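Work through the exercises below with the sequence and the coordinates at hand. Each task is followed by a solution in steps.

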Amino acid sequence: MSNLTVFEHPLIQHKLSIIRNKEVGTKEFREIVDEIASLMAYEVTRDLPMTEVTIETPVATTEKKTLAGKKLAIVPILRAGLGMVDGIMKLIPAARIGHIGMYRDEETLEPVEYFVKLPDDIDQREVLLVDPMLATGGSADMAIDALKKRGANKIKLITLVSAPEGVAAVQKAHPDVDIFTASVDDYLNEDGYIVPGLGDAGDRLFGTH
């Protein structure tokens, strides 16, 4: 569908292949997720509106383009989404940060919401919703619902690795949300993990099990 973008950029694909390796430690994993997030943010923000301003250079006066004051918010789905925030902030330091807390019930595999804190003017901002993994789509669906209930009307979902099942679920529930990912992998296994995937992104980012 038209609202899905898969980034084939060589740097993104190269770095993603590195962190798929189970031997990569927490420090390197965290650093590379940060780098991939920056590279993806560069592409995701390609359609930001521009305006012309007058600039005095040391040589002449000129009319050039600058950002048109578009308000942005970065909203990670806790906890793994935190690993992508700094990489995006490097390019968009003025963005506001919100948080949506979710955990997966290990028996039902269903997401459970436990925390939502967003900028007061979220209805005026374009939201970059970030989570390294789009597996069943349950957490993303619930997070998008939480954003919409609070007035957000322009949402982009940014993930590193996605399962076809998760992409389909979000597209069905939220056809107005653009999905950006570095890879659509093969399938979900019986435990709800993406195959081949990269394991549990939260555990690998924070050194937990």
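The exercises concern a predicted model.

**Exercise 1. The annotated binding site**

Task: Find which residues UniProt places under "binding site", and state which of this set the lining of the largest pocket takes in.

Solution. The unreviewed UniProt entry puts the feature "binding site" at Ile194, Gly199, Asp200 and Ala201. From this set, the lining of the largest pocket takes in Ile194, Gly199, Asp200 and Ala201.

**Exercise 2. Ile194 and Gly199**

Task: For Ile194 and for Gly199, decide whether the residue is buried, partly exposed or exposed. Then give the location and contacts of Ile194 and of Gly199.

Solution. Step one is Ile194, which lies in strand 13, residues 194-195. Its relative accessibility is 8%, so Ile194 counts as buried, the cut-off being under 20%. Apart from neighbours within four places in sequence, Ile194 is in contact with Met133, Leu134, Ala135, Val161, Ser162, Ala163, Asp185, Tyr187 and Leu188.

Step two is Gly199, in the loop between strand 13 and helix 6. Gly199 has a relative accessible area of 36% and is therefore partly exposed, a class that runs between the 20% and 50% limits. With residues up to four places away in sequence not counted, Gly199 touches Met133 and Tyr193.

**Exercise 3. Cis peptide bonds**

Task: What is omega for the peptide bond that joins Leu78 and Arg79, and what is omega for the bond that joins Val195 and Pro196?

Solution. Most peptide bonds are trans. The bond between Leu78 and Arg79 is cis, with omega about 5°; Arg79 belongs to the loop between strand 4 and helix 3. The bond between Val195 and Pro196 is also cis, with omega about 0°. Pro196 sits in the loop between strand 13 and helix 6.

**Exercise 4. Asp203**

Task: Is Asp203 buried or exposed, and what does the side chain of Asp203 contact?

Solution. Asp203 is in helix 6. Its relative accessible area is 18%, so Asp203 is buried. The side chain of Asp203 makes a polar contact of 2.7 Å with the side chain of Thr208. Beyond four places in sequence, Asp203 touches Arg79, Thr208 and His209. Arg79 is the residue of the cis bond with Leu78.

**Exercise 5. Helix 3**

Task: Which residues of helix 3 are buried, and what covers them?

Solution. Helix 3 spans residues 82-89, and its buried residues are Gly83, Met84, Val85, Gly87 and Ile88. The cover over these residues includes helix 2 (26-44), strand 4 (72-78), strand 5 (96-97), strand 8 (126-130), strand 10 (155-162) and helix 6 (201-206).

Terms used. Residues are numbered from 1 along each chain as its sequence is written. This is a predicted model: local features need pLDDT of at least 70, side-chain atom pairs count only at pLDDT 80 or more; totals for chains, interfaces and linings use all residues. Side-chain values use heavy atoms; hydrogens and water are left out. Buried means under 20% relative accessible area, exposed over 50%, partly exposed in between (1.4 Å probe, protein chains only). Helices (H or I, at least four residues) and strands (E, at least two) are DSSP runs, numbered from the N terminus. Contact means heavy atoms within 4.5 Å. UniProt positions are given in the numbering used here, feature names are shortened, and annotations may be inferred rather than shown by experiment. On a 1 Å grid over the protein atoms alone, a cavity is a set of points where a 1.4 Å probe fits but cannot get out, and a pocket is an open set with protein on both sides within 12 Å along at least five of seven lines; lining residues have an atom within 4 Å of a point. A polar contact is a pair of N or O atoms within 3.5 Å; within protein, one must be able to donate a hydrogen and the other to accept it, and residues adjacent in sequence count only if both atoms are side-chain atoms.
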